[in-house]
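The sequence and the model come first.

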Amino acid sequence: GAVHLWRVDMASSQPHGQSGQGDVSTNGNPSHHGSAGLSVSGCSLVRSVDPAEGPALCVQHFNSDVCSVVTYVTQSGGLHGWDLRCAQEAFRLPLRPELGRATCMTVAPDRHWLGL
């Protein structure tokens, strides 16, 4: 599998049908309305996995007041962490091939450890 991180831009909108011409998002496509009067006005790819790493085998996200990190394991044997607050990789830990490939991953509720 692949990991693609997208940023979805939201905009407040009038209830459907009030504008008289139909609601259109900023990219020219019809907008999608949520229950809170918000619509998707566009999206952009923030980051994706390097194809040389191989497919992503496991993906987890942990979020707290001070961090938001997406962790994933690739087939080539690396454990990666993306810090969503900045444009840098938070960490990369190589995994030894003789230990086998990761098939599952979990993050502890206290976010102090993760298991592969």
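Buried means under 20% relative accessible area, exposed over 50%, and partly exposed in between, with a 1.4 Å probe and protein chains only. This is a predicted model in which local features need pLDDT of at least 70 and side-chain atom pairs count only at pLDDT 80 or more, while totals for chains, interfaces and linings use all residues. Residues are numbered from 1 along each chain as its sequence is written, and side-chain values use heavy atoms, with hydrogens and water left out.

| Residue | Relative accessible area | Class |
|---|---|---|
| Cys 58 | 6% | buried |
| Cys 67 | 19% | buried |
| Gly 37 | 28% | partly exposed |

Gly 37 sits in the loop that runs between strand S1 (4-12) and strand S2 (38-48); strands are DSSP runs of E with at least two residues, numbered from the N terminus. The C-alpha atom of Gly 37 is 5.9 Å from that of Ser 12, a residue 25 positions away along the chain.

The structure has 0 disulfides, a disulfide being a pair of cysteine sulfur atoms within 2.5 Å. For Cys 58, the closest cysteine sulfur belongs to Cys 104 and lies 6.2 Å away, which is too far for a bond.

There is 1 aromatic pair. Rings of Phe, Tyr and Trp (its six-membered ring) pair if their centres lie within 6.5 Å; planes under 30 degrees apart count as stacked, over 60 as edge-to-face and the rest as tilted. Tyr 72 and Trp 82 pair edge-to-face, with 5.4 Å centre to centre and 70° between the planes. Because Tyr 72 lies in strand S4 (residues 68-74) and Trp 82 in strand S5 (residues 78-83), the pair ties together parts that are 10 residues apart in sequence. Both Tyr 72 and Trp 82 are buried.

Notes:
Helices (H or I, at least four residues) and strands (E, at least two) are DSSP runs, numbered from the N terminus.
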